[in-house]
Structures are given as C-alpha cells and as structure tokens.
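Reader: I have this one open on my screen and would like a close look at a single spot. Could you then take me on from there?

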Amino acid sequence: MDVAAEIKRRAQRVERGIEELLPLAAFGPKRLSEAMRYAMQGGGKRLRPVMVMAAAELFAGVPGQEKAVPAGVAVECVHTYSLVHDDLPCMDDDDLRRGRPTVHKVYDDATAVLTGDALLTYAFQLLTRFYGSEPALAAGLVDELGDAAGHEFLVGGQVMDLMFEGAKDVTAEILNDIHSRKTGAMIRASLAMGGRIGGATPAQVQQLRRAGLELGMAFQIVDDVLDATQDSATLGKTAGKDAASGKTTFVSIHGLDQARALAAAYTERTIASMTALPGDTAFLVGLTQSLLVRDR
C-alpha cells in the first residue's frame, strides 16, 4: 500500500466534506462565516477526520468510510477551534498557522474568539443533523466528542499547559497528563467515533480508544521534536516557540534521542492495539508508522 497516496486521497475527501458542510456566507453574519471558512480551509494534515473514516471502514467497509465524513468534519471543527484559540495573544500568541496568518491577524482578536466558539458549536450541530435518525449513534458520537473536547480533557489540558508555562518543576508525569488530555484525547475520540459509526462492539470501541491515546502521545512527542529541530517554513507555524516561551516539552525533559525513542515505543504500542482489531488494519498501521517519521 502507498500510504502517503492513501492519506492524500482520504484527506481530499475531507476537504470536499469541509467545502460542502461548512456554512456559506448567506448563513449568519458574513464576516463570521468567512472567518470560519478561512480557519478550516487553511490546509493541514486532516489526520483526525481521516482516522474517523478509517476506523469506520474497518467495520463497515467503504460505505462506513463515507458515512463517517460528517463526523470527521465535526472533529476537524473542534480541532481547528482549539488552534484558533491557541494562537490568540492571551494564549500561545502566534502569527502563523498552516503557513498562513492566523485568524486573529487576518480579522481581529474578538472575531477569532467568536470563530472558535462558532466552530465548536457547529461540530455538534453536524453530529445531530447527520446522525439524528439513529439516536443511539448520535448520542454516542456527541458524548465521545464532548468528553474529549471538554473540561476534563482538551480544555482542561490547555489550562494545565498555561498553568505550568515557565515552571521549573514540571515532571514527566505532569507533561504526560497534559498531553494525554489534549492531543491524546482528541485522537482517541477520532478513532472511537469512527468505530461507533462502523458498528464496532463496546469492547472494540474501547480498543480503539486505547490505540488513539497511545497514538496521540506519539504524535505529540514527534511534534515537540519537530519544534526543536525544524524551521518555520517547513512546519507552517513558528518554530522554536516552546523553548522561547519556557514550555516544558518531551525534548526539554528527555532530550532529543530519548524523546525519539519514546515516540517509537508509543508507536509500537499503538500498532499492537490496532492489529488486534478485526478487518484490514493496514492503512491505520501505515498511517501510524508515517506519523513517526513525518517532517511537519
């Protein structure tokens, strides 16, 4: 399998889904809908929606993958909202995202806040609109995404990240906790939501959650390595910001070589969890392996 070509093909389906499902300017204030589209159409890897679709395909084939597109777009709405807010001056204060000016630089701070708010709420509208005819599935998807995006995980992890910025006593355990709540929880939800759409059993959904959490940690460690080793043009965002802002990272705690070894270990555990699932897991395994050696 040409994993890179498959990722690209599936990401292109996500792009079409974003174009089809995001509000047009005619719906709501034009400035807001334009800002939502600007934030969402800035490219990016689209890994989370691709994971939603791939997990659904494991259990329901190509029809499952297609059925999962709205849920994938919903996950991407939540992910993008978190980036829009992360980039604000009161948070990580960044002017560049996905190789373009951030939303608050193109519009203004207030519009960026409201754009993030709108994307977050729109994600749940998508889930109820497209899966409402299957109430149990819709409720499960809303619960899965709401749990990952809420105060215990994504938002809670962001609060912890800000609390410990510049602190000298951040341990490896605290760092693991922060990123299992942020990156880990959203990737966990992506795989679990895909499994639910495909008709996975509760035990299989739990297996997907476990794989997603391991993969999220591997992804974050590689992110920290890239921030320390790549330039802004390659990353599409400002390189070296973690060190400049005094953030504790996997690199600052473990060093580059050990951080890379940790990412490889998490990747191996992810693959072990995935290969225990039914169906053809070749794409998900290949995707997992590719994330370990990515350059942005």
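Reader: Over the ring of which residue does the charged end of Arg10 sit, and how far is it from the centre?

Author: It's Phe283: the charged end of Arg10 sits over that ring, 3.9 Å from its centre. "Over" here means that NZ of Lys or CZ of Arg is within 6 Å of the ring centre and within 35 degrees of the ring normal. Keep in mind that this is a predicted model, where local features need pLDDT of at least 70 and side-chain atom pairs pLDDT 80 or more, while totals for chains, interfaces and linings use all residues. Residues are numbered from 1 along each chain as its sequence is written, and side-chain values use heavy atoms, with hydrogens and water left out.

Arg188 does the like with Phe153, its charged end sitting over the ring at 4.6 Å from the centre.

Now for rings that meet rings. Rings of Phe, Tyr and Trp (its six-membered ring) pair if their centres lie within 6.5 Å; planes under 30 degrees apart are stacked, over 60 edge-to-face, the rest tilted. That rule gives one aromatic pair. Tyr38 and Tyr107 have ring centres 6.2 Å apart and planes at 75°, so they meet edge-to-face. Tyr38 belongs to helix H2 (residues 30-40) and Tyr107 to the loop between helix H5 (103-106) and helix H6 (109-131), so the pair ties together parts 69 residues apart in sequence. Helices (H or I, at least four residues) and strands (E, at least two) are DSSP runs, numbered from the N terminus. Both Tyr38 and Tyr107 are buried, which means under 20% relative accessible area, against over 50% for exposed and in between for partly exposed (1.4 Å probe, protein chains only).

Arginine turns up again in the loop between H2 and helix H3 (47-67), where you'll find Arg46. Arg46 isn't a glycine, yet has a positive phi of about 60°, and it is buried at 1% relative accessible area. Asp93, in the loop between H4 and strand E1 (96-97), also has a positive phi without being glycine, near 55°, but at 41% relative accessibility Asp93 is partly exposed.

Gln220 touches His179, Thr183 and Phe250, leaving out residues up to four places away in sequence; contact means heavy atoms within 4.5 Å.
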